[in-house]
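Please keep the model open while going through them.

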Amino acid sequence: MNGKPKIGVYVCHCGTNIAGTVDVEDVVRFAQTLPDVVVARNYSYMCSDPGQALITDDIEKIGLNRVVVASCSPRMHEPTFRKTLNGAQLNPYFLEMANIREQCSWVHEDSVAATEKAKRIIEAAVAKARRLEALDQKEVDVEPSCLIIGAGIAGIQAALDIADAGFKVYVVEKSPTVGGHMAQLDKTFPTLDCSACILTPKMVDVANHPNIELMTYSQVEEISGYIGNFDIKVRVKSRFVDMEKCTGCGDCASSCRQAGRISNEFDEGVGMRGAIYLPFPQAVPAKYTIDKENCLFLAKGKCGESPKCKDACQAGAVNFDLEDKMVEFKVGTIIVATGFDVFDARLKPEYAYGVYDNVLTALEFERMVNASGPTGGKIVMLERGKKKKKKKEGAEEEQPRMPGSVTFIQCVGSRDKSVGNEYCSRVCCMYTAKLAHLVKEKVPGADVTIFYMDVRAFGKGFEEFYDRVRREGVRYIRGNPSEIYKKGDKLVVKAEDTLTSTPLEHEADMVVLSVGLVPRSDNREIIDLLKLSQSSDLFYLEAHPKLRPVDTASDGIYLAGVCQGPKDIPDAVAQAKGAASAAMIPMASGKVKVEAQTSIVDEATCRGCGFCVQVCPYTAIELLEVNRMGWPVQVARVNEALCKGCGACAAACLSGSVQQRSFKDLQLLPQIQALGVK
Amino acid sequence: MAVKKLSKEKIGEALKELSKFRLIAPARSDEVVIFKEIADPEEAYLDYGNSTVPPKKVVFPQTETLFRFMVGNPELEEKNVEEEGTTVIFGLRPCDARAMAIVEKLFSWDYDDPYFLKRRELTTLVGMACVEPPSVNCFCPSVGGGPFGKEGLDLLLTDMGDYYLVQSLTDKGKKLEETLASQLEDAAGGDEKKAEGMAAEAEGKIRRSIKTEGIPEKLPGLWENDLWKKVSAACLGCGICTFLCPTCHCFDIQDEVEELGDGRRCRMWDSCMFSEYSLHASGHNPRPTRRERTRNRISHKYSYYPSRFDVIACVGCGRCINLCPVNIDILDILEQVVDA
Amino acid sequence: MGDNTKTDFEPNIVAFLCNWCSYAGADLAGTSRIHYPPNVRVIRVMCSGRVNPLFVMNALQQGADGVLISGCHPGDCHYMQGNYYARRRFNLMRNFLEYLGVEPERVRMSWVSASEGAKWKEVIEEVTEGVRTVGPMDKFKRRQLNW
Amino acid sequence: MVDINKLREIAAEVISRDDVRELIGYRPGTYGFRARPAFVTGPEEVDRLIFTPACVNNLATYITLEEKLPVPRGQEPDTRKVAVMVKGCDSRALVQQMEEKAYGRDQVVVLGIPCTGVVDMARVEARFPGVLELGEIALEGGKFVLSFDGKVEEVPKDELLADKCARCRYPTPLVYDQLLDDEVARFADDDYSDIEALEKRSMEDKWGYWEEKFSRCIRCYSCRNVCPMCYCEDCVLDRINPTWMRRSVDISENTAFHIARAYHLAGRCIQCGECQRVCPAKIPLMELNRKFYKDVGELYDYEPGTNVEAAPLLATFSVEDREDFIL
């Protein structure tokens, strides 16, 4: 191929990052003695322009045909140096990196030992470099369409951006309406603009955009393929309401025998609904849905003489025979915007959530203060168990009492190792301040107290808002309450004011728990579908925490919104726009490079046992009959477009016939040999 | 000079004396008898039939380094066989000694192989006559040897009951006899005669045989004969018959190179029964199946070798028959050759 | 014999790390400047599923005193299943080598995720100390350049 | 005991079929008590077929052994079926080979022999040395009856029985087209007591044990070549590029060979014991294979060569697989 190897070794100082621990000069002298090494150099920053120029020059002038760069992790700069080789007309796969920074100079203090280890690492890299082969960087066409999973604000924003750019977008939303958590909110911090006012126009846009196909009450069931060519299968669940006919009038809902008996998820259980329902008045699409678990007719087969909703619907939209529909389509890219759950406050039993009626989560409280919420925006004392009865009696409702004192507890389920969440949820400080402000506004004279660990008011306008709330008379006590108990009709919050080291027992009518954001409980479904990784907080893992925050490890799959980690609305929107932009790059160029380090079968020695076929997670290998010198024999063959280059097949092959390019036995065994020598 | 004898009581002492040389003797490893360098006379196991692996490995090791090369050093470092020192193989069977003499013809033919010949020169062979045939498949008389055969040996020991009769056959043998002067005694006058009688009796106990006359001349004419297909059908293509053969001497030469470029050139036993034996770099193999390989094994021993060196390259030790996993029997094949 | 040589002995350990989790975890240990012993030398593979257990044998033969294979935690494999295959193959090989008399301390496997820089250090320390206690691997080490 | 006439009758019938190219069975050996493989191509040859406790070879090996020479232009390859006689253990080799798609079920005709055990020929020859004229061995009422040189000797079965038979779980073939005798019930199992005893010894002891054995290996590859599961035409261990092991015969390369050979049979070895039988250096290879076999059974509840539909052990996994050894 490229004849006898002529290897150049380039040892990077990385300023003092490497040179501070590793004796770079000594390493270079050593590298010069290695077989097939014709030049070894060092430079302060190999990744810089002059550093790369050294390599380019040597390739052009000395005729190097293999390059070893001893510097940082290949996960950092392998793409950089591959481009360097490419620029010098050398196949980029003739590069081997020796990681002497992350895995050497940064982790060892002893300069002698680190230098010795750096030599071994370089020796192994040279051993492999001697056997490197040129690989074809193949391209595949990219379907100019995108699947977006989740239609909260992040999914909506990404969908609108991509659709506006002229690409087809499929939006799949699990619940009956788009909008996500943002639709549940009343005001947004720190500007106090009405959440619905800014969100609902976008919700309507996403439903009406000519380039967007919206599938609500739907779930992605299967995803196969690879960047540019994903095959998607979506289950559109039956609403038992004909979407074409439903006018959204609501006659069905008010007639439902279950009306007001079922806790409304959208209202976080503070409000009630029937078995046929619209989650909230501004829901998009404004089409009713029958919840089949709670519908008497669907669950028990009987609903009085005949189902009332059906009778009530003048449009004839209610149809109990409707079935789930499977929709299949192809996309080039995927954006995951599946959002979050709020922390389950029951996991902090000391706060007695679920025990006392007036211990609420912030999201429940949010629904209560929302003008379109179950209490019409009034802050009232809750009597959770009694509601049904009252409605049933149909008696004149007595006006519920407003709480005279509301206490907030921050960091419930955040920054708390005892529940396994070490991270800060980033929104609670500010939404607590916002809710405190709303209490002050809606319940004049109310005593509002906030227990906090630290207040993190880091965003634009945050500190100013925090100041404003304090000026309004909201009291902040630094302390993490240890217990909530009831004394008479008051709730007592037991805590210590850690600023004055005073133990205190604080009384309140209502306690609001500022619960944090946690990964969705159904995250696993998406992980299994898309093979996403999770970071230690169990949110989806981005490809790089700094430089590839919207990408995933899998090409063509991007992240947007809180599914990647807690963030507020502007951050979620910004990331959504970023993800949209990232997804549009391959779609706009129409082509994308695919994995080059794929597997290859030596059909002359393959015995057709099919072990490789069995282990391949991508069904990229198949057995087929070939003619071997006149004999029909079975051999394995790799579909390179499907192969992701994991190499499991190579390890499974007993005859050594399946090999992974760039990781062939022929390349790894000399590496082992080089490392074995002390 | 009188013929000597070695009392069995003094065998330990004699071996101790010989251990100032590199002393190789039959020894047990689990149930297997092998020739190995022994430090302690107790290790020697002289009351044996025959060893599994013939002692040819002493003069023709299964793997040997010919020379070494180092990066940065233009000089090759050659193997100095001399350093292995004077060697005594004690207690080998006459057939195995004769095999060394037969193989020596090749190693000193058009090119003097320094490794083999130097080792032969340094090695004294002390044989042990086969009073009883070691195996039911022995047939040494048919191929020019005998249970008391002297060819190739420097000394021959014959088990006379309480003592071994010691006959020195060469100058090397005499020298060794002198080394053992204090352990050896003069043998009785009639012992040599008695041993001759024992030899005839021993030969009579050998029950397998083949008439070899005409075989070397006949074999080339049977090149395409069906018999090869039949006799090789069961062959597994393993190396037992050739590796365990005292006259098989094919070798391969390979360089074993470390990653940094230092290395050694090695010579190692090869077997014509292996599929890669005659495999060309092109992928072509002139002996593509077990049929051609079996034909080659027999022809080499019974035709090519005698036509060049006037001696059949088989000493009738019977190892290939005893240990063939599928009972391929060289005498059975030769009979088919005769009948063909 | 024994103690003295063992304390002076610096083990040479060859590690096979999957690119997505363990190699990234080792990189994270670097970016976090977590210090650990220099005895482990890494060969990067894309997935622990690529590691043929015979690599373990080969490394021990070629002069490694210990071998470590590290992959993603179960369920986290970038390629979905590679670490499960590795786990099964490696378990059998490790038991087998122990049966031949190769101390299990020499033959280790770990799950280290991309976020477990600190765990990587612990693994290195445990493996290094384990190999140190059993001493140099000389049982079937290739005697290079033998006559 | 298989009726020899019935065997020959069926063999004649099978080999007369147009779609059968060859029948592999047993015939008497060339001396003593030996028997050897027979390759029958026509009905006139069936009279030499036998089956006795001396028929030790696993003939499944031959199905995949034959070299496939280039088919001359204008000719068709002979893809007719091969008929083969198998004992219980041998039949498991067929099952495993077919599990690995070495050939299809329709490419073989299987004559199953329910087996009551074969002899350890080395034990027979040690007990009765020097037998040249063909003798016979039969199993009658728990004893081996040996007829030779005009004598008849009886020996208790366990004294001459092959070790693999004393541990045989499947005496009746698991796959066959015709069964030549009544089924034989399972009469033995492997208690692994020797393996467990060795497992418990110190590391130094264990290595000392194996070092002695592996040092004797002459790398004749008979263990590999006789193995019905080692059917790669081009063994990866023979290759120079890459070199998994060197040709040098020394303890290092020998150990590497034996580790690699045994590992390649992990979850595939069907316990026919042929490797150990043929080893001229008497290396107890089954103690290696049985270690894997035991672990594979205990850890993964897997028994090779018992189910054609099974997925190969090392090409599958369970999420629940043990991992207490993982850091």
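1. In this predicted model, 33 residues of chain C are in contact with 31 residues of chain D, where two residues are in contact if their C-beta atoms, placed from the backbone, lie within 7 Å. On the side of chain C that touches chain D, the elements giving two or more residues are α3 (53–61), α4 (82–100), β4 (107–111) and α5 (117–134) of chain C, and the largest share, 13 residues, comes from α4(C). Helices (H or I, at least four residues) and strands (E, at least two) are DSSP runs, numbered from the N terminus.

2. On conventions, residues are numbered from 1 along each chain as its sequence is written, while chains are lettered from A and ligands numbered from 1 in the order in which they are written. As this is a predicted model, local features need pLDDT of at least 70 and side-chain atom pairs count only at pLDDT 80 or more, whereas totals for chains, interfaces and linings use all residues.

3. Chain C also meets chain A, in a contact that takes 43 residues from chain A and 41 residues from chain C. On the chain A side, α3 (74–87), α4 (101–105), α5 (111–129), α18 (648–652) and α19 (665–676) each supply at least two residues, and α19(A) gives the most, with seven residues.

4. Chain D is divided into domain 1 (4–129 + 159–179) and domain 2 (193–315), with bounds that come from an automatic or database domain assignment. The C-alpha centres of these two domains of chain D lie 23 Å apart, and the contact takes 20 residues from domain 1 and 20 residues from domain 2. On the domain 1 side, the elements that give two or more residues are α2 (60–65) and α3 (88–99) of chain D, with the largest share, nine residues, coming from α3(D).

5. In the loop between α3 and β4 (108–112) of chain D sits D:K101, whose phi is near 60 degrees, a positive value in a residue other than glycine. D:K101 is partly exposed, with 17 other C-beta atoms within 10 Å; a residue is buried if 20 or more other C-beta atoms lie within 10 Å of its own, exposed if 12 or fewer, and partly exposed in between, with C-beta atoms placed from the backbone.

6. Chain A has 678 residues, of which 51% count as buried, and its secondary structure comes to 19 helices and 34 strands. Its C-alpha atoms fill a box of roughly 95 × 70 × 40 Å, taken along the principal axes. The domain assignment of chain A includes domain 1 (7–129) and domain 4 (342–388 + 399–518), and 56 Å separate the centres of these two domains, taken over C-alpha atoms.

7. Which residues of α7(A) are buried, and which are exposed? Helix α7 (residues 195–208) of chain A has 14 residues and reaches 20 Å from its first C-alpha to its last, close to the 20 Å expected at 1.5 Å a residue, the expected span being 1.5 Å times one less than the number of residues. Its buried residues are A:S195, A:A196, A:L199, A:M203 and A:V206; seen down the axis of α7(A), they fall within an arc of 95 degrees, so they line one face of the helix. The arc is that of the directions from the helix axis to the C-beta atoms. On the other side of α7(A), A:C197, A:P201 and A:N208 are exposed. What covers the buried residues of α7(A) includes α6 (153–164), β7 (168–172), β8 (187–188), β9 (193–194) and β10 (212–215) of chain A.

8. Two prolines of chain A deserve a look at the backbone. The peptide bond from A:F189 to A:P190 is cis, with omega near -10 degrees, and A:P190 is found in the loop between β8 and β9 of chain A. The peptide bond from A:V284 to A:P285 is likewise cis, with omega near 0 degrees, and A:P285 is found in the loop between β15 (276–277) and β16 (289–290) of chain A.

9. In chain B, B:G149 lies in the loop between β7 (123–128) and β8 (155–159) and counts as buried because 24 other C-beta atoms lie within 10 Å. Not counting residues up to four places away in sequence, B:G149 touches B:P94, B:C95, B:R98 and B:C140. The C-alpha atoms of B:G149 and B:C95, 54 residues apart along the chain, are separated by 7.2 Å.
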